[in-house]
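Welcome, and thanks for having the viewer open. Let's take a short walk through this model, one selection at a time.

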Amino acid sequence: MKYGAVALLLLVLFFGVAKTTYAITPSVYGSMNDLSVGVYPENPQANQEVTLKIQSFLINLASADISWSLDGKKVQTGVGMIVFKFTTKDIGQSTTIDLTVLPVGSSPITKTITITPSSLDILWEAIDSATPPFYKGKALPTTEANLKFVAMPNIKNNSGALMNKADMIYNWTNNYAVDQNNSGYGKDSYIFQMPITDDHETVGVTALLRGGGLSAEGQVSTKVFDPKIVWYLTSPLYGPQFEHSIDQGFDVTSNDLSVFAEPYYASPKDILASNLSYTWTLNNQTFDAQTPANILSLHRDSMNKGDAIINLVIENSQKYLQELKSSLTLHLQ
Amino acid sequence: MSTKIKKLLLILVIGVIVVGCYWFFFVMNNPNGGGNNTINSLKSLFPYGLNSNSTTGNNIVTTNSNSVSTSGSGTSTTPYDSLVQLSQRPVIGLTIATPVPYTLASPVSSTTTSATSVTPVVAYRSSIFDKTNLPVVRFAEHGTGYIYDVDARGQYETKQTGTTIVRVAQAYFGDNGNSVIFRYVKNDNSTIETYLGKIVPPADINSGQFATISGSFLPENISDLVMAPDGKSFGYIFPVIGGVSGLALNTDGTNKRQLFSSSFDEWLLDWKSGGLTATTKAADGVPGFVYLVQPAGAFQKIIGNVDGLTTNISPDGSSLLYDSSDGDKINTFIRHANGDSIKLTVSTLPEKCVWGKSSNVLYCAVPTFLPASTSYPDDWYQGVVHFQDQIWRVNVNTGVAVMVSDLDSKNIDVVNPILDSKENFLIFRNQNDDTPWSLDLRPNVSSSATTVPISSPFPLLNVGQ
């Protein structure tokens with residue numbers, strides 16, 4: 001069991017994606033009189049091959065006449081034909097399977113199974129990871145980051161109408177354990193903090209349309225990333241120039257310049273928060289704190305040529321594993 | 001010093017001045033002449049307001065139309081370069097503008113003579129369009145927010161507004177360039193301000209005054225903004241408790257309405273005639289999703305689970321250009337309405353591409369190489385890596401791309417590509433230095449294509465052209 005769970009986790013990590021699944025009518029599950037029908041895979045997706053298998057402890061299925069109909073058309077009959085395969089349709093389009101089992105010397109048993117594939121994506125975002133204004137990329141989580149997961153169910157009825165996601169009941173799981181306190185009607189998002197001991201987390205959710213019937217579930221695995229400092233120039237006219245990093249060094253030809261250190265993915269989002277400390281050195285000499293803390297304004301006293309090396313260390317007094325270091329070389333021309 | 005020597009010196013000084021003036025006005029001001037490079041080098045020394053093609057403090061182009069061409073036949077003999085730098089100014093946003101026609105207090109009347117009649121025609125001066133009959137590119141300058149117009153060949157640059165907005169970092173144009181949305185970061189380096197303004201031409205173009213910008217601020221910290229396809233409204237994402245609201249507003253500040261609400265914050269919007277899409281912000285190795293935002297606000301998935309996903313939907317909404325990234329590799333695809341995806345024969349980021357109006361052609365700026373050991377699109381968004389691009393035309397049905405221009409092997413990293421209405425010109429910004437550029441896409445064009453007849457400096461045209 002333990003190895004199975006590990007293997008499942010590895011599979012999820014390998015694909016690294018939110019898994020889309022299905023919606024299915026409750027009639028498929030469990031015993032139907034003396035019969036039960038297993039659905040494989042358990043969470044069929046749209047346009048996916050599905051296997052149905054009849055099981056019974058009371059009926060001798062091996063000698064029974066079994067027929068399968070797909071959307072009203074008989075497609076498979078025979079003695080002992082306990083397995084039936086078909087392909088699901090698009091999301092929201094139901095497939096109806098009629099099953100008739102005629103045991104020897106007994107009355108026939110008929111059942112109807114309806115499968116309506118749906119999907120559910122789980123989006124996630126690091127809600128307290130720093131990125132600069134106008135940044136078009138994703139804020140990534142670092143150790144102990146706060147993450148928000150948002151369920152995006154794609155459940156349609158038979159007429160193709162998308163079901164209202166606000167009218168659903170959400171059941172969230174964290175590392176496969178149900179989090180009852182954060183589950184419930186309309187709770188389409190889920191927030192938690194990455195533990196200091198883990199760099200991977202798996203979150204899942206099931207969305208059930210209020211009133212029953214259609215449902216969908218999904219699962220996603222996240223990991224933590226390393227924060228980093230990227231250097232830019234800033235000026236009263238332009239402000240920080242986030243499209244032009246000077247990480248590779250900068251040729252200084254003017255008397256004054258200001259460098260801007262952007263701690264990508266640092267936490268908290270406010271990079272000037274009091275729990276972040278900035279330690280600057282210029283050519284290995286420490287100097288007083290800057291205001292604002294992430295901008296270093298420099299004045300050139302002489303026109304001597306050479307290199308000036310700036311070092312910066314950013315630490316979070318509340319998150320001990322978060323430390324950012326970077327250096328920048330200025331070439332005085 | 002004798003009087004004779006003084007006279008000689010005086011004559012010499014006057015001669016030098018005359019020759020200097022001649023050189024300045026008749027050589028340097030000739031955009032087709034050999035003095036063009038000299039102008040560029042001078043501009044770079046004086047990047048603000050000393051463009052010799054315009055008069056400072058005046059929105060009327062003062063260049064003498066006779067200086068457009070030095071040849072008597074009205075045609076230039078210099079080689080025609082389809083690629084031109086429109087301005088040396090750093091820009092933060094650009095559009096193809098149709099400026100409000102300037103109606104003269106006493107409209108210029110001219111006559112068209114035929115064998116039997118004389119028909120009076122009223123001519124309007126629609127800024128520099130009248131001079132060139134070329135599309136007008138309107139752009140906003142980085143740092144100052146000054147708005148300029150320039151023709152698609154970069155011959156006439158005219159300052160339109162004098163309202164200074166320092167630190168301005170983004171500009172969006174609507175209403176054919178007659179509305180503008182400025183975005184900048186306040187001095188705290190975190191709060192985003194957004195200002196919506198209408199560009200109001202001066203009542204009298206002979207007054208020498210600039211157009212003014214009249215408008216108001218929108219709520220702080222709008223995270224993303226997109227113009228509607230008709231340019232008369234725009235959508236934006238505004239933070240609310242527990243998530244974001246997607247709102248729309250007309251460019252005149254009226255008709256505010258909700259497009260959607262979401263518990264998820266990190267959306268990027270794209271709005272074409274075929275619909276509004278919301279794509280999750282991208283990072284290398286992180287699965288992304290794109291949804292079609294339905295009129296009622298529901299999100300209908302188009303594609304998902306694509307690492308590093310960025311997108312660009314076609315104007316009619318039938319095709320989606322998207323990419324997937326894997327470290328320092330980018331794969332670019334077109335997904336059609338039937339669900340089929342085809343891989344392009346070139347690799348680029350969708351935001352470096354622009355669709356033709358009919359959605360059947362795609363122009364893409366394609367990096368000549370992708371620096372190794374990088375993460376896309378993250379490192380590009382962070383300004384850590386820059387590209388040197390070529391322009392390719394992509395067959396939307398097959399994904400096969402054909403190179404249109406190598407951009408003269410210049411160090412150009414294309415962003416904000418747009419096409420003029422006839423799809424003759426590709427206009428874009430070079431992210432490496434933020435300058436605006438134009439590529440003439442017309443096949444077999446020659447220098448005569450942009451020649452302006454000396455005898456007719458203001459071609460006749462209809463209102464609104």
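**First stop: a strand in chain A**

Select residues 119-126 of chain A, strand β10: eight of the eight residues are buried, so this strand is largely enclosed by the rest of the structure. Keep in mind as you look around that the model is predicted.

Now show the side chains. Ser119(A), Asp121(A), Leu123(A) and Glu125(A) point one way from β10(A), while Leu120(A), Ile122(A), Trp124(A) and Ala126(A) point the other way. In a regular strand, side chains alternate between the two faces of the sheet.

To get your bearings in the pair, click on Ile122(A), which stands opposite Ala151(A) in β11(A).

**Second stop: where the chains meet**

Bring chain B into view. The contact takes 33 residues from chain A and 36 residues from chain B.

Move on to the open sheet of four strands in chain B, ordered β1-β30-β29-β28 with antiparallel pairing. At the edges stand β1 (83-85) and β28 (414-419) of chain B, each with a single partner strand, so one side of each is left without a neighbour in the sheet. From one strand to the next, the twist averages 25°.

Finish with β29 (residues 425-430) and β30 (residues 435-440) of chain B, an antiparallel pair joined by six bridges. Centre on Leu426(B), and look across to Leu439(B) in β30(B), which stands opposite.

Terms used
Residues are numbered from 1 along each chain as its sequence is written. Chains are lettered from A and ligands numbered from 1 in the order in which they are written. This is a predicted model: local features need pLDDT of at least 70, side-chain atom pairs count only at pLDDT 80 or more; totals for chains, interfaces and linings use all residues. A residue is buried if 20 or more other C-beta atoms lie within 10 Å of its own, exposed if 12 or fewer, and partly exposed in between; C-beta atoms are placed from the backbone. Helices (H or I, at least four residues) and strands (E, at least two) are DSSP runs, numbered from the N terminus. Two strands pair if DSSP finds at least two bridges between them. Two residues are in contact if their C-beta atoms, placed from the backbone, lie within 7 Å. Axes are lines fitted to C-alpha atoms, for helices over the stretch in contact, and angles run from 0 to 180 degrees between N-to-C directions.
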